[in-house]
Amino acid sequence: MATLEIHDLHVSVEAENGPREILKGVDLTIKQGETHAVMGPNGSGKSTLAYSLAGHPKYTITGGTVTLDGEDVLEMSVDERARAGVFLAMQYPVEVPGVSVSNFLRTSATAVRGEAPKLRTWVKEVKEAMEKLHMDPAFAERNVNEGFSGGEKKRHEILQLELLKPKIAILDETDSGLDVDALRIVSEGVNRVRETGEVGTLLITHYTRILRYIKPDFVHVFANGRIVESGGAELADQLENEGYDKYVKGGASA
Amino acid sequence: MAEAQNIPAGSTTAGSIAVAAESTVATRMSAPPSFDVADFPVPHGREEEWRFTPLERLRGLHDGTAVATGEGVKVEIEAPEGVTVETVGRDDERLGRAGTPVDRVAAQAYSSFEKASVVTVAKEAVLAEPIRIAVHGEGGVAFGHQVIELGAFAEAVVVIDHTGDAVLAANVDYVLGDGAKLTVVCVQDWDEKAVHVAQHNALVGRDASFKSVVVTFGGDLVRIHPRVAYAAPGGSAELFGLYFTDAGQHQEHRLLVDHNTPHCTSNVAYKGALQGQDAHAVWIGDVLIQAAAEGTDTYELNRNLVLTDGARVDSVPNLEIETGEIAGAGHASATGRFDDEQLFYLMSRGIPEIEARRLVVRGFFAELVQQIGLPDVEERLIAKIEAELEASV
């Protein structure tokens, strides 16, 4: 069973006046089949955690370890992490002009699966996955994220999640900017993947709204660069009612 | 930078081109257009039209020291039925009708060539196959002149392919009759030492359509100057270009679209990728809308993708409008580094770095490559782009 173990993770970014520490010792273990929600105020470092796990070059790991089934994730390049089974659904997916969605998906699936998917079954697989996410077939011929609406971008991210079948899925604010219908469609996509029992999900969010559709097994409160409280789904209800105030003292959320 | 050698008032020649000669676009040239090389001073390098070009690498094309050698270039023309191919002498009346040399090297070419090729597509002939012109450098110095003329309502595709090694200065005339449709794909796939300077003049007839695709990969120094003017209303011109500039290469594309006639359109899009130390791409896009050219619709764009440190781009769009009665006019120029966020996004989907770079660069060129409409040329270009990228990693 796949397990992602994050231990005492410290991460810095280059700021104007030298490096600034964003993550200050994160401990978290995610097992295949589990869903962990990480919730916290803006600026608490949630997205930094997501991007650091995926290997974004902007972030410098200054301490701690991340392993996937014992393998050192921090030693891996960005593409190696993806092929090892780590997937990041981004909050702001990037436009890639001139590269069609269908070309991108196939190139990506080929890389992650280690061989090119058979064309006939692949076409069917993509078509079905797109139908489930209520995506027009014409979408496949558009350029990656170019001119996509907010909802289209997120559906496209979840489409990749469904096709790439990672061991660990990190969803960075997948709910942000979505209306209720889009949120439901995207959540259903995530749930289909979760129901396979093959994926460990790290759901990063500011709001509790998405947790009505995606029920977490664990909820963690993230503040000032670390997890400050952990509990079950009931912790989300408490956050819904009380907000993050008690975790954010003296404007530490800036 | 308008210099002291501006055209004196009243000295312009007759005809519509002469109006252009009084404009800023033309007057910042150091001499008026002329077929005679003696009318141009030897450039010193600070002139507006030469300031980006390393004169010392022109191998004497600019100062009269380059002399034609017997084995300069070999020209082979393959044409389908309905096309007449002739080799003519200097006195043939069909030469030089689409435009006049505007700088010393173009005038040198016009003053020095011995034989010209004239390719004529008969009136109303619609060619099923492209005309292919292979210009192969044999290591010498050559001066060339080519005319491609389409009769009224003729339709043709021409592929001009430059390979080998040469020092070549040339003028190419495209003359489009009324309602004619001409697509020209001009590929500079030279060996690494080649020097190539050319002026392309298109004269677009009434309701005629001219499409030019200039593709520059090779050579030590390549400087192409496509120019378009309209003989009558209703003409359209699309000028597309792709270049891939490697370490040490100088690739310069200077364009002029002279909207001298009402109700014509033009669309210019050039894209280049650069990599390596002292790769230098220059793009000058001049669009002139003369007072008479009401109803003009024009847009020009240049994009550059800088893949490594050490490369340099000079991109200068220039739009001059002498009438407010136009349908549209715009320009855009952007030069950017390779986008690390795109790379991260693709790699985060398991795609290895080299393949991710290839996808982004292919994507960058894709819409222009698709404009070519000739599968064999498109495939060759894509293969060439891939080979350039392979070489860089």
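Begin by selecting helix 3 (residues 101-113) and helix 4 (residues 119-132) of chain A, whose crossing is right-handed, the near helix being turned clockwise from the far one by less than a right angle; helices here are DSSP runs of H or I with at least four residues, and strands are runs of E with at least two, numbered from the N terminus. Their axes, lines fitted to C-alpha atoms over the stretch in contact, with angles from 0 to 180 degrees between N-to-C directions, lie 12 Å apart at an angle of about 115°. That makes helix 3 of chain A roughly perpendicular to helix 4 of chain A, the term covering 65 to 115 degrees.

The model is predicted, with local features needing pLDDT of at least 70 and side-chain atom pairs pLDDT 80 or more, while totals for chains, interfaces and linings use all residues. Residues are numbered from 1 along each chain as written, chains are lettered from A and ligands numbered from 1 in written order, and side-chain values use heavy atoms, without hydrogens and water.

Next select B:Tyr110 and B:Phe113, both buried, meaning under 20% relative accessible area with a 1.4 Å probe and protein chains only. Their ring centres are 5.4 Å apart and their planes at 80°, so the pair is edge-to-face (centres within 6.5 Å, planes over 60 degrees apart).

Finally, select B:Arg223, which lies over the face of B:Trp50, at 3.7 Å from the ring centre.

Conventions: Phe/Tyr/Trp six-rings, centres within 6.5 Å; stacked < 30°, edge-to-face > 60°. Buried < 20%, exposed > 50% of the residue type's maximum accessible area, 1.4 Å probe, protein only. Lys NZ or Arg CZ within 6 Å of the ring centre and 35° of its normal. Parallel < 35°, antiparallel > 145°, perpendicular 65-115°, else oblique.
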